[in-house]
Amino acid sequence: MASTWEEKAAEKRARINDSIPQKWRIQKLPSDDSVLDFPAKSGILSSEELSITQSSATDLVKKLANGELKSVDVTVAFCKRAALAHQLLNCCLEFFPELAIAQAKELDAYFEVHKKPVGPLHGLPISLKDQLRVKGLETSMGYVAWLGKYDTTESTLVTLLRRAGAVFYTKTSVPQTLMVCETVNNIIGRTINPRNKNWSCGGSSGGEGAMIGFRGGLIGVGTDIGGSIRVPSAFNFLYGIRPSHGRLPYAKMANSMEGQETVHSVVGPMAHSAADLKLFLTSVLREEPWKYDPKVVPLPWRESEEDDIKSKLSGGLTLGYYSCDGVVLPHPPITRGIEMVVSTLKKHGHHVLPWLPYKHDFGHDLIGDIYASDGSTDVLNSINASGEPAIPNIKDLLNPDKGKIDMNQLWDVHLKKWNYQSEYLDKWREFEETHGKEMDAIIAPITATAAIRHNQFRYYGYASVINLLDFTSVVVPVTFADKSVDVKRSDHRQLNDLDATVQAEYDAEAYHGAPVAVQVIGRRLSEERTLAIAEEIGRLLGNAETLSVGDDGAVLTAEHEPK
């Protein structure tokens, strides 16, 4: 029996590797930086399986529902591609194709008897971030000390997805503690970006970002307390939604700092299209999650809210935008991405007006204090329990010397957050009064950088302030960094030391081809409206579906990607 943390981690890696059938194993790993086209070259997937994995979730569930496809065939295709993903990207903490295929066979048998699907996700494989519990499997969440503990129950969302017909086949990697936007742990190491091994896949739902970006799945489930759905979505050229707290069920999921109620972690999907995000959201809400999780607001999907936005799509949207939050200026590819979205919307007749970010420096500092309000006791206890070291990416964020706050200080923090949220709504209304129009959403950066080089993620504020406000946010993939256009600024006067650090990191050559995204920010619980706006922006940009397919099944680059 393993006695050291290194031995325990090695045993876990062996278990993951043993779960991959021999016939799905790669004999020689490619040397190329990008592995997006590897599945078509591998010989492991058939042409039909390549076609299945290059489809959309929306199309697949239609074919599964009318009997054109069998769940077993779809499940095997994605299990094969997920097996390749793990071998190439190091993205799985659990891989269980035998359980998945058995579940798919049960769904096919049901369809054979009843001639109808179990639910709206019938037969569709969905990958899960390792926080979600599946009975009989481990949930280590990147902590060595949590290895060897097998779940006897499952997360509420897993139960509802299973009821809707989803098939589960993998749980993906996360960073130790979950609290950083890169994915590194001491169990399996670093997860990398399928577009370039030198770039981060994001975090903390980075295993999901890499898996879905590689099309080892079409819909992946992530969580977000400071950007953890949106950053991996941005770095992997995906759509992703951070719903407001209370829209989707979080019950019975694992977490760091459980019981922390000041800023809630939320759960949501990542996918290649806004339509697939909607498929996930509507399928879960159809199961009435408020009957199973007391924190869920009893709010079904509101077609009327979506229709209201659609009535404005011929040139009637009013949107705010900003390129800089006043704390850190984004790199040139990001500011160009904002400009592309703004000019495209204006070209199609929409009203796009500058928005002045309100006290984002205050919001960034406040949420940082909230994360560390227990003196980092919770995460350090989980790290120290096995003797493993803290990953380098988290060391700057752990400050046990800062000490814990007491109850009166906590109440003061709650009041500061509430006041800030109220003041931000005041500014939103003032904007509307000034311009005489309802502001439908705000367009903003989600990160200060395109898909970043390893160990370089420094500034979380573009994402985390939105968590503090609990606004709905949807990531839209826009374009790719281009060294011939996105030249390093020579005239920028640093805003502060953090801004200087971020600016110094930029290298146009190193970032060439890296995905660029924006976030569409709506009011709290505005998922229908905000997603509809995001879908329209993607359509106008030509990115409604983020990857296309060649005749040989190989992935083709998106229209805007530099060569």
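Visitor: Where is M141 placed, and what makes it count as buried or exposed?
Guide: In this predicted model, M141 sits in the loop between β2 and α7. Its relative accessible area is 0%, and since buried means under 20%, M141 is called buried.

Visitor: What is said about the phi of M141?
Guide: The phi of M141 is near 55 degrees, which is a positive value in a residue other than glycine. R215 is described in like terms, with a phi near 65 degrees, again positive and again in a residue other than glycine. R215 belongs to the loop between α8 and β8, and because its relative accessible area is 0%, R215 is buried too.

Visitor: How do you know whether helix α8 is enclosed?
Guide: Helix α8 covers residues 206-213, and eight of its eight residues are buried, so the helix is largely enclosed by the rest of the structure. The buried residues include E208, M211 and I212, along with the glycines G206, G207, G209 and G213. R215, with its positive phi, follows α8.

Visitor: Which peptide bond is called cis, and on what value?
Guide: The bond from G203 to S204 is cis, its omega being near 5 degrees. S204 lies in the loop between β7, residues 196-200, and α8.

Visitor: What makes β1 and β12 edge strands of the sheet?
Guide: The sheet is an open one of 11 strands with mixed pairing, in the order β1-β3-β2-β8-β10-β9-β14-β15-β13-β11-β12. β1 (92-95) and β12 (351-354) each have a single partner strand, so one side of each is left without a neighbour in the sheet. Direction ignored, neighbouring strands of this sheet are turned by 25 degrees against each other on average.

Visitor: Which strands does α7 touch where it packs on the sheet?
Guide: Helix α7, residues 156-163, touches β2 (125-129), β3 (167-172), β8 (219-224) and β10 (266-271), and its direction makes about 150 degrees with that of β3.

Visitor: Why are β11 and β13 called a pair, and in which sense do they run?
Guide: Pairing requires at least two bridges, and three bridges join β11 (residues 318-321) to β13 (residues 441-445), which run parallel. L319, for instance, has A441 in β13 as its bridge partner. By that criterion of at least two bridges, β13 and β15 also pair, here in the antiparallel sense over four bridges, with V520 in β15 as the bridge partner of I443.

Visitor: How many bridges join β14 to β15?
Guide: Eight bridges join β14, residues 472-480, to β15, and the two run antiparallel. V474 stands opposite V520 in β15.

Visitor: How do you know whether both faces of β15 are covered?
Guide: On one side P515, A517, Q519 and I521 are buried, and on the other V516, V518, V520 and G522 are buried, which covers both faces. Eight of the eight residues of β15 (residues 515-522) are buried, so the strand is largely enclosed by the rest of the structure.

Visitor: Which residues meet where α13 and α16 are in contact?
Guide: From α13 come H360, F362, G363, L366 and I370, and these meet V413, K416, K417, Y420 and Y424 in α16. The residues of this contact divide into six nonpolar, two polar and two charged.

Visitor: What makes D369 count as buried, exposed or partly exposed?
Guide: D369, which lies in α13, has a relative accessibility of 39%. Partly exposed is the range between the buried limit of 20% and the exposed limit of 50%, so D369 counts as partly exposed. The C-alpha atoms of D369 and K402 are separated by 9.7 Å, although the two are 33 residues apart along the chain.

Visitor: Into which class does K63 fall, and on what value?
Guide: K63, found in helix α4 (residues 57-65), has a relative accessible area of 32% and is therefore partly exposed. Not counting residues up to four places away in sequence, K63 touches E68 and L69.

Notes: Residues numbered from 1 in each chain as written. Predicted model: local features only at pLDDT ≥ 70, side-chain atom pairs only at ≥ 80, totals over all residues. Heavy atoms only, no water. Contact = heavy atoms within 4.5 Å. Nonpolar A, V, L, I, M, F, W, Y, C, P; charged D, E, K, R; others polar. Buried < 20%, exposed > 50% of the residue type's maximum accessible area, 1.4 Å probe, protein only. Axes fitted to C-alpha atoms, helices over the stretch in contact; angles between N-to-C directions.
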